Amino acid sequence: MSDTSPRVMVFAPAPVLTVTVERRADDADIHLHAGGQGVWQARMLTALGARAVLCGSFGGESGVVLRSLLMAEGIEVHAVCGPSRNGVYIHDRRAGQRTAVAESPGEPLPRHELDELYNLALVQGLDAQVCLLSGPSPVARETVPHALYRRLAGDLTSNGRRVVADLSGPRLASVLEGGAYLVKVSHEELRAEGLAGGGTAEEIAGAMQALRAAGCQVVVVSRAEEPSLAMVGDELYEVVMVRMHPADPSGAGDSMTAGIVAGLLRGDDVCAAIRLGAAAGALNVTRHGLGTGDREGVERLAAQVEMRAADIEVGHRQTVSRRQLAAWMESR
């Protein structure tokens with residue numbers, strides 16, 4: 001891929017090393033992979049032909065292994081290296097379902113590493129056409145402070161970059177305060193944060209309207225087996241596609257976000273980008289590898305995705321400022 005190809009900066013502050021034990025005949029089949037939300041998204045972006053530039057922190061033995069694995073996949077890595085080790089988890093999938101065996105949390109970054117990570121993401125983001133802000137893995141959820149997201153989103157947006165955020169809770173609120181073009185959340189996250197009540201379509205639509213009012217132009221909400229919802233400007237759509245039998249539902253939302261970003265990067269209008277994202281998420285659940293996919297298959301499946309006007313009455317029409325939403329979420 002040419003150095004002049006359109007780029008997407010993926011902010012992945014704390015990748016994790018994943019060890020998965022599977023069964024092969026009578027033996028244990030052990031797999032080592034780089035993981036975490038931003039990694040899975042960068043992997044899918046690369047599969048879709050985009051040039052993903054991943055910015056993250058890498059430290060300790062796990063950090064050394066992670067960088068090697070990512071570079072072996074062909075993902076462009078820009079790393080802050082220091083003593084703060086990355087998280088690790090071990091899952092046993094020999095019985096067909098993921099069972100957690102052990103988890104080692106990553107370590108919070110000290111001030112100097114945080115400054116380096118911020119500068120790295122900012123410089124690479126200003127050199128990119130789209131910037132994707134993802135969160136740390138639950139194994140390393142407190143690696144970076146929430147305020148860093150507000151500053152990064154604000155600096156990128158004010159300099160004309162399109163910011164896409166796949167976040168929830170205080171991190172999402174921080175990005176909205178800074179400014180974002182598109183945010184993607186799941187209906188479970190909206191319910192957990194008290195924004196969508198019991199999770200009915202009407203309540204989710206009301207939460208989406210509140211997020212729009214807080215500062216972004218597009219909101220996408222994934223709803224597991226139900227059609228996703230997309231609010232583009234003042235228009236609300238259902239994103240409908242063929243059903244797939246899942247091999248592993250993990251990572252579908254991350255693949256969806258990556259597909260949306262890939263569409264925006266190549267110049268698709270936002271509705272076409274959302275259709276591509278829906279196809280990437282749906283096809284990913286038919287595979288065992290998180291963030292993996294076949295570009296031709298995703299493209300063909302996207303042609304079968306329908307975005308139709310949603311016949312849903314907004315549950316509660318509310319207008320909140322970015323700062324009000326941030327303060328409310330921080331108090332949860």
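Let's start with a pair of helices. Helix H1 (residues 37–47) packs against H8 at an angle of about 50 degrees, and their axes are 8 Å apart. An angle like that makes H1 and H8 oblique to each other, and their crossing is right-handed. Who does the touching? On the H1 side the contact is made by Gln-37, Trp-40, Gln-41, Met-44 and Leu-45, while H8 brings in Asp-254, Ser-255, Thr-257, Ala-258, Val-261 and Ala-262.

Keep in mind that what you're looking at is a predicted model.

## Stepping back

Now for the whole protein. It has eleven helices and 14 strands. Of its 332 residues, 55% are buried. If you take the contacts between residues at least 6 apart in sequence, 69% of them join residues at least 24 apart.

## The sheet

Ten of the strands form an open sheet with mixed pairing, and you can walk across it in the order S5-S4-S1-S8-S9-S10-S11-S12-S13-S14. Which strands stand at the edges? They are S5 (76–82) and S14, and each has a single partner strand, so one side of each is left without a neighbour in the sheet. Going from strand to neighbouring strand, the average turn is 20 degrees, direction ignored.

Helix H4 (residues 146–158) touches strand S1 (7–11), strand S8 (130–134) and strand S9 (162–166), and its direction makes about 170 degrees with that of S8. Then there's H8 again, residues 252–265, which touches S1, S4, S8, S9, strand S10 (182–186), S11 and S12. The direction of H8 makes about 170 degrees with that of S9.

Let's follow some of the pairing, strand by strand. As a bit of background, strands of a sheet pair through backbone hydrogen bonds, either parallel or antiparallel. Strand S11 (residues 218–223) pairs with S12 in the antiparallel sense, over five bridges. Here Val-221 stands opposite Leu-229 in S12.

Next, S12 (residues 226–232) pairs with S13 (residues 235–240), antiparallel and over five bridges. Val-232 has Glu-235 in S13 as its bridge partner. The hairpin of S12 and S13 has two residues between the strands, and Gly-233 takes a positive phi near 65 degrees there. Finally, S13 is joined by four bridges to strand S14 (residues 306–309), and these two run antiparallel. Tyr-237 has Ala-309 in S14 as its bridge partner.

First, find Ser-57 in strand S4 (residues 51–59). Is Ser-57 buried or exposed? Its relative accessibility is 4%, so Ser-57 counts as buried. A polar atom of the Ser-57 side chain lies 2.6 Å from the backbone oxygen of Pro-13. Leaving aside neighbours within four places in sequence, Ser-57 is in contact with Ala-12, Pro-13, Ala-14, Pro-15, Val-80, Asn-86, Leu-109 and Leu-117.

Now look at Ala-25, which lies in the loop between strand S2 (16–24) and strand S3 (27–35). With 64% relative accessibility, Ala-25 counts as exposed, because the cut-off for that is over 50%. What about its backbone? Most residues other than glycine have a negative phi. Ala-25, though, has a positive phi, near 60 degrees.

How values were computed
Residues numbered from 1 in each chain as written. Predicted model: local features only at pLDDT ≥ 70, side-chain atom pairs only at ≥ 80, totals over all residues. Heavy atoms only, no water. Pairing = 2+ DSSP bridges. Buried < 20%, exposed > 50% of the residue type's maximum accessible area, 1.4 Å probe, protein only. Polar contact = N/O pair within 3.5 Å; in protein donor to acceptor, adjacent residues only side chain to side chain. Contact = heavy atoms within 4.5 Å. Axes fitted to C-alpha atoms, helices over the stretch in contact; angles between N-to-C directions. Parallel < 35°, antiparallel > 145°, perpendicular 65-115°, else oblique. Left-handed = near helix turned anticlockwise from the far one by under 90°.
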